[in-house]
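I opened this notebook to record what I looked up in the structure below.

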Amino acid sequence: METLWILGLLLSICSLSFSQECNQQLLENIDFPGTDIKFVFSPDTNHCQQLCTQHPSCLYFTFIRADWTTDNRHFYCYLKKSSSGQPNVRTPLQGVTSGFSLKPCSSEPQPCLPQLYHDVDFFGADYQSLFTADYDECQRACTQDPACQFFTFINGVYTTESIRYKCHLKFSWSVTITSNVQRKTAVVSGFSHNAEITQGVKPACDGKLFPSTDFPGNDVVHLPAASPEHCQTLCSAHPVCTVFSFVSDNFNCYLKNNKNELVSIAKEGVTSGLPARFCQLDDSWVKATYEGVDFEGDDIRFELMDDADTCQRTCNADPTCQFYAYSKTNFFDSEYRRRCYLKRAITMPAPPKVTKLANVVSGFQLRNCVNSVPHTDVAA
């Protein structure tokens, strides 16, 4: 039986490889109009292509460059897909570059992004600032801080003198985030056992949880989580989270910031706790299966399988899969029975907004760069 499963997996991977070939070509001043999934901000074509590669369903993209003159949509990265896997139309258009997802290629799960962007601001997502002598030192500060994913440095000739040489460290999620978690009968969900839940090697520790307890107020952000332990991992990864509360009825994880006091109230159905930044929490929540729970959305593809265990193993074996959902044979809609949905989220550094701004330099952390990589400077 195990041999048949392995053979089936290999055939599935081979069919995917043949259905869409690796295409690294970039088409300057060519637009792929329509078929948009969404747009996100990106500082250059390479970064946009990597976002498309990590997005679960993006197959190709169009990036609006800094030299675009039609309107103010600079640094817009349009993620796109079609049933054929190819753009329906290719149109000449000045100021854009189009290309394809690198999913069929051997792409790095966390790409090295050594470029520096002059006169470009990665606006928002700040969690800390400090003064540094130059942008190289700012990038080193970002690289040394596990929470930092990108930065913006204000140079010595910036208009406002009081903030010259200021280095803004910025955050985006590098751990797995599910878009939606909800209860659903005859569905089993779970995570890839290879999911990255922390950076670096840390000593093991037990997390501190408070059952039937709420830490009210001081919310920074709330997002879906599968369990209190998953919520605790998210709090541990967020640079300003000091405590959290997880609501089991709706799977909402509330990350909070209060450095002065710990106020709690008794509340059934709520588990609260503390982050663990300097040790490795128990990862049993990654190995767990969640019966009657659906991780909705974020689909890469689905395959028909006989049970949830096979779905789990398929996700484990697929380097692009971060989590999954399986519809059992008694699912209410017969069309969806036995479907194993393989899923993923974007975990590479992703600024929430990119804009032109004179006398600043922006860039990314270099932790994903195995060897020393020379800077590549890009001007807006």
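I took buried as under 20% relative accessible area, exposed as over 50%, and partly exposed as in between (1.4 Å probe, protein chains only). This is a predicted model, in which local features need pLDDT of at least 70 and side-chain atom pairs count only at pLDDT 80 or more, while totals for chains, interfaces and linings use all residues. Residues are numbered from 1 along each chain as its sequence is written, and side-chain values use heavy atoms, with hydrogens and water left out.

**Entry 1: salt bridges.** I counted a salt bridge where a side-chain nitrogen of Lys or Arg is within 4 Å of a carboxyl oxygen of Asp or Glu. My search of the whole structure returned 13 of them. One of these joins Asp 71 to Arg 73, with closest N and O atoms 2.9 Å apart. Asp 71 is partly exposed at 30%, and Arg 73 is partly exposed at 27%.

I next looked up Arg 140 and Glu 137, whose side chains form a salt bridge at 3.0 Å, N to O. Helices (H or I, at least four residues) and strands (E, at least two) are DSSP runs, numbered from the N terminus. The two residues are 3 apart in helix H3 (residues 135-144), so about one helical turn separates them. Arg 140 has a relative accessible area of 46% and Glu 137 one of 36%.

Is the pair Asp 318 and Arg 301 buried or exposed? I found both residues buried. Their salt bridge spans 2.9 Å, N to O. Asp 318 sits in the loop between helix H6 (308-317) and strand E20 (323-327), and Arg 301 in strand E19 (residues 299-304), so the pair ties together parts 17 residues apart in sequence. Shared partners join Arg 301, Glu 303 and Asp 318 into one network of salt bridges.

**Entry 2: disulfides.** With a disulfide taken as a pair of cysteine sulfur atoms within 2.5 Å, I noted 11 in the structure. Among them, Cys 112 is linked to Cys 369 at 1.9 Å, S to S. That link is right-handed, with 90 degrees about the S-S bond. Cys 112 is partly exposed at 27%, whereas Cys 369 is buried at 11%.

Cys 235 and Cys 241 form another disulfide, with sulfur atoms 2.0 Å apart. This link is left-handed at -95 degrees. Cys 235 is buried at 0%, and Cys 241 is buried at 1%.
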